[in-house]
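Please open the model in your viewer and keep the sequence panel beside it. The stops below say what to select next and what is to be found there.

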Amino acid sequence: MFYEKPLPFYLSYPMPLGMMEERIEERERELLKSYYSATVTGLQEIVEQECDRMDYEGSMMYDEYPDRFMMERLCRRICDRYREDHPMEEEPMETMENREPGRDHGRHRGNRLEDLVSVLLSHEIYRRRCRRRRCRRFY
């Protein structure tokens with residue numbers, strides 16, 4: 001009969017490498033965020049505040065398929081908050097008359113500020129969902 005040698009005590013528990021990788025990723029993310037322009041930094045702060053407000057068990061942010069209408073509504077709310085805080089930097093709304101032909105394949109979604117906010121929000125929700133999925137393994 002073959003018996004393996006018992007594992008040393010420090011190998012009997014999994015290594016906290018996942019937590020270390022999480023810290024490294026967060027540090028790199030903060031470094032890259034420092035390169036954002038002032039406008040994007042302000043928008044990112046508002047996006048993070050809104051995501052912090054929605055970060056609870058059972059939140060629609062963690063639904064398997066997040067609702068598109070809710071995402072668009074949240075984007076508009078973030079844009080409204082940004083416009084209240086920065087009234088002089090408001091960007092003119094694009095209308096169907098001054099749009100470039102062929103852009104967005106005839107879809108009218110709004111202005112560039114809302115498009116930027118939707119990208120920032122989607123990325124932040126994705127990041128939080130991944131972090132929650134990874135951290136769930138450690139508990």
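Accessible areas here come from the Shrake-Rupley method with a 1.4 Å probe, and for residues only the protein chains shown count as cover. On that basis the protein chain exposes about 11000 Å², of which carbon and sulfur atoms supply 57%. The model is a predicted one, in which local features need pLDDT of at least 70 and side-chain atom pairs count only at pLDDT 80 or more, while totals for chains, interfaces and linings use all residues. Residues are numbered from 1 along each chain as its sequence is written, and side-chain values use heavy atoms, with hydrogens and water left out.

**The whole chain**

Begin with a cartoon of the protein chain, which has 4 helices and 0 strands, in the order α-α-α-α from the N terminus on; helices (H or I, at least four residues) and strands (E, at least two) are DSSP runs, numbered from the N terminus. Of its 139 residues, 29% count as buried, where buried means under 20% relative accessible area, exposed over 50%, and partly exposed in between (1.4 Å probe, protein chains only). Contact means heavy atoms within 4.5 Å, and among contacts in the protein chain with a separation of 6 or more, 67% are accounted for by residues 24 or more positions apart.

**The nonpolar core**

Next select Ile78 and Leu121, the residues with the most contacts inside the largest nonpolar core, which has 20 residues. Helix 2 (38-54), helix 3 (68-85) and helix 4 (112-135) each supply at least two residues of this core, and the largest share, 7 residues, comes from helix 3. A nonpolar core is a set of buried Ala, Val, Leu, Ile, Met, Phe, Trp, Tyr and Cys residues joined through side-chain atoms within 4.5 Å. In soluble globular proteins, nonpolar side chains tend to be buried together. With Ile78 still selected, display its contacts: leaving aside neighbours within four places in sequence, they are Ile46, Val47, Glu50, Val117 and Leu121.

**Met54**

Move to Met54 in helix 2, which counts as buried because its relative accessible area is 8%. Beyond the neighbours within four places in sequence, Met54 is in contact with Ser59, Met60, Met61 and Leu74.

**The largest pocket**

Now select Glu22, Glu25, Glu26, Arg29, His123, Tyr126, Arg127, Cys130, Arg131 and Arg134, which line the largest pocket. On a 1 Å grid over the protein atoms alone, a cavity is a set of points where a 1.4 Å probe fits but cannot get out, whereas a pocket is an open set with protein on both sides within 12 Å along at least five of seven lines, and lining residues have an atom within 4 Å of a point. Helix 1 (17-33) and helix 4 each supply at least two residues of the lining, and helix 4 gives the largest share, 6 residues.

Two lining residues deserve a separate look. Arg29, found in helix 1, counts as buried because its relative accessible area is 14%; apart from neighbours within four places in sequence, Arg29 is in contact with Gln44, Glu48, Glu124 and Arg127. Cys130 lies in helix 4 and is likewise buried, with a relative accessible area of 13%. Finish by drawing the distance between the C-alpha atoms of Cys130 and Tyr62, which lie 68 residues apart along the chain and are separated by 10.0 Å.
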